[in-house]
Amino acid sequence: MQANLVVDTKGLACPMPIVRAKKALDKLEAGQVMEVLSTDKGSVNDFQAWVKQTKHELIKHEEENGIYKFYVKKV
């Protein structure tokens with residue numbers, strides 16, 4: 001999946017992945033996609049709740065070798 005912006009939050013614990021993602025998403029235009037990398041297991045639930053609250057779209061998320069990848073589309 002092609003992302004317009006990649007935000008690396010590996011090694012950061014809640015709530016920092018969401019805080020960094022929010023700041024980065026503010027730089028994007030509607031329709032653009034941000035990829036967030038995280039090692040925090042709690043970030044799966046955090047991102048699902050955050051996109052519902054903000055109305056942005058979580059296109060997909062996956063886990064590979066302990067790294068969680070979230071693809072968020074700005075609306």
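A residue counts as partly exposed when its relative accessible area lies between the limit for buried, under 20%, and the limit for exposed, over 50%. E62, at 28% relative accessibility, therefore counts as partly exposed in this structure, which is a predicted model. The side chain of E62 meets that of K60 in a salt bridge, with a distance of 3.4 Å from N to O, and K60 is itself partly exposed, its relative accessible area being 33%.

The pair formed by K60 and E62 belongs to a set of three salt bridges that a search of the whole structure finds. Another of these contacts joins the side chains of D8 and K10, for which the N to O distance is 3.1 Å. D8 has a relative accessible area of 43% and is partly exposed, and K10, with a relative accessible area of 37%, is likewise assigned as partly exposed.

A further salt bridge links D26 with K22, where the closest N and O atoms are 3.6 Å apart. In this pair, K22 counts as partly exposed at 46% relative accessibility, whereas D26 has a relative accessible area of 51% and is classed as exposed because the limit for that class is set at over 50%. The salt bridge between D26 and K22 thus brings together an exposed aspartate and a partly exposed lysine.

Terms used: Residues are numbered from 1 along each chain as its sequence is written. This is a predicted model: local features need pLDDT of at least 70, side-chain atom pairs count only at pLDDT 80 or more; totals for chains, interfaces and linings use all residues. Side-chain values use heavy atoms; hydrogens and water are left out. A salt bridge is a side-chain nitrogen of Lys or Arg within 4 Å of a carboxyl oxygen of Asp or Glu. Buried means under 20% relative accessible area, exposed over 50%, partly exposed in between (1.4 Å probe, protein chains only).
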